[in-house]
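Subject: Structure for you to look at

Hello,

Here is the structure I said I would pass on. Please open it alongside this message; my notes follow below it.

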Amino acid sequence: MIKQERLLKICEILEKERFATVEKLSEMLYFSRPTIRRDLALLEKEGRIKRSHGGAMIRTDADTDTPIGYRHGKKHNEKMKMCREAVKLVKPNNVIFIDGSTTAQSIAHYLPENMSLTVVTNSIAVSDILSKKSIRTYCTGGRLIPESRAFAGSMAENFIRGFSADIIFFSSSALANDGKICDWSEAETDLRRVMLENSRVKVFMCDETKFGKTSAFVLSDTDKVDFIITDADLPEDFSCAGDKVTVVRQS
């Protein structure tokens, strides 16, 4: 297989699989990982793909359901720092909602085990992290959204209605300049609305890659949340009260 054939094959695999790791591409094409990494670097330079930690996906300008394996790698350090800041809001005996976003799910790593906390989530990843900690955890169940590895649908919504949470940590795919919080997933947006309705303190977490973007479904307005935790200053023309925004920066 010559180089151009290999590059074409990589693009075909990514179009079909949506996201693939270097290891998987190496196994499928019978080429070394260094060779695959060089190919991915070239394809990214040409604007045909986007690379993440350990893998890649076809580049598209569409606002779609990006696989969680790719989303988790984006702005990883910034998300972790936002989570360390957010967890400072947690108090002993709190009931906590954590949604299925990659931004919010990392909070599970930082939740202290000595506060008698209860966590309710629709995220498989959060449930897995907390299974290794002494924190009471409930997972909604319901219809699985493969791209997010999270549950949604009427069963999940009814499960959430059975709880009254002290605080919710959530994110979304877009934060429009008019202050609207939006997302691409209708089902997950519906579930987040139920979570917000049943939470006293609402904490929205959003990195700067989502600023000024819109998506199909409106979740909430920023004036209805209590805290916004982000990694960069909001644009000057952004419609949001500054006193609720906390900016964490890489040192």
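Ala20 stands opposite Ala56, a residue of strand S3. This is a predicted model. The pairing of strand S1 (residues 20-21) with S3 is antiparallel and has two bridges. S3 also runs antiparallel to S2, and four bridges join these strands. Within that pairing, Ile49 has Ile58 in S3 as its bridge partner. The side chains of S3 go two ways: Gly55 and Met57 point to one side, Ala56 and Ile58 to the other, and all are buried.

Helix H3 packs against this part of the model. H3 covers residues 33-45, which is 13 residues, and spans 18 Å from its first C-alpha to its last, close to the 18 Å expected at 1.5 Å a residue. Its buried residues are Thr35, Ile36, Asp39, Leu40 and Leu43. They lie on the same side of H3, because the arc they cover around the axis is only 135°. An α-helix has 3.6 residues a turn, so residues three or four places apart point the same way. On the other side of H3, Arg38 and Lys45 are exposed.

What do the buried residues of H3 pack against? Their partners are helix H1 (3-17), helix H2 (22-29), strand S2 (49-52) and strand S3 (55-58). After H3 comes Gly47, with a positive phi near 80°.

Asp183 belongs to strand S11 (residues 180-183). Is Asp183 buried or exposed? Asp183 has a relative accessible area of 4%, so it is buried, the cut-off being under 20%. Its side chain reaches the backbone nitrogen of Ser185 at 3.0 Å. Setting aside neighbours within four places in sequence, Asp183 is in contact with Ser172, Ser173, Thr189, Arg192, Ser215, Ala216 and Phe217.

Ser199 is in strand S12 (residues 199-206). Ser199 is buried as well, with a relative accessible area of 6%. Its side chain comes to 2.6 Å from the backbone oxygen of Met195. Again leaving out neighbours within four places in sequence, the contacts of Ser199 are Phe97, Ala165, Ile167 and Ile168.

**Two loop residues with positive phi**

Asn93 is not a glycine, yet its phi is positive, near 70°. Asn93 sits in the loop between helix H5 (76-86) and strand S4 (95-98). With 54% relative accessibility, Asn93 counts as exposed.

Ser116 is another residue other than glycine with a positive phi, here about 55°. Its place is the loop between helix H7 (107-110) and strand S5 (118-121). Ser116 counts as exposed, at 53% relative accessibility.

**The protein as a whole**

The secondary structure comes to 10 helices and 15 strands. How much of the protein counts as buried? Of its 251 residues, 51% do. Among contacts between residues at least 6 apart in sequence, 60% join residues at least 24 apart. The protein exposes about 12,100 Å², and carbon and sulfur atoms supply 48% of that area.

If you want a place to begin, start with H3, whose buried residues pack against H1, H2, S2 and S3.

Regards

Definitions and conventions
Residues are numbered from 1 along each chain as its sequence is written. Side-chain values use heavy atoms; hydrogens and water are left out. The expected span of a helix is 1.5 Å times one less than its number of residues. Buried means under 20% relative accessible area, exposed over 50%, partly exposed in between (1.4 Å probe, protein chains only). The arc is that of the directions from the helix axis to the C-beta atoms. Contact means heavy atoms within 4.5 Å. A polar contact is a pair of N or O atoms within 3.5 Å; within protein, one must be able to donate a hydrogen and the other to accept it, and residues adjacent in sequence count only if both atoms are side-chain atoms. Accessible areas come from the Shrake-Rupley method with a 1.4 Å probe; for residues, only the protein chains shown count as cover. Two strands pair if DSSP finds at least two bridges between them.
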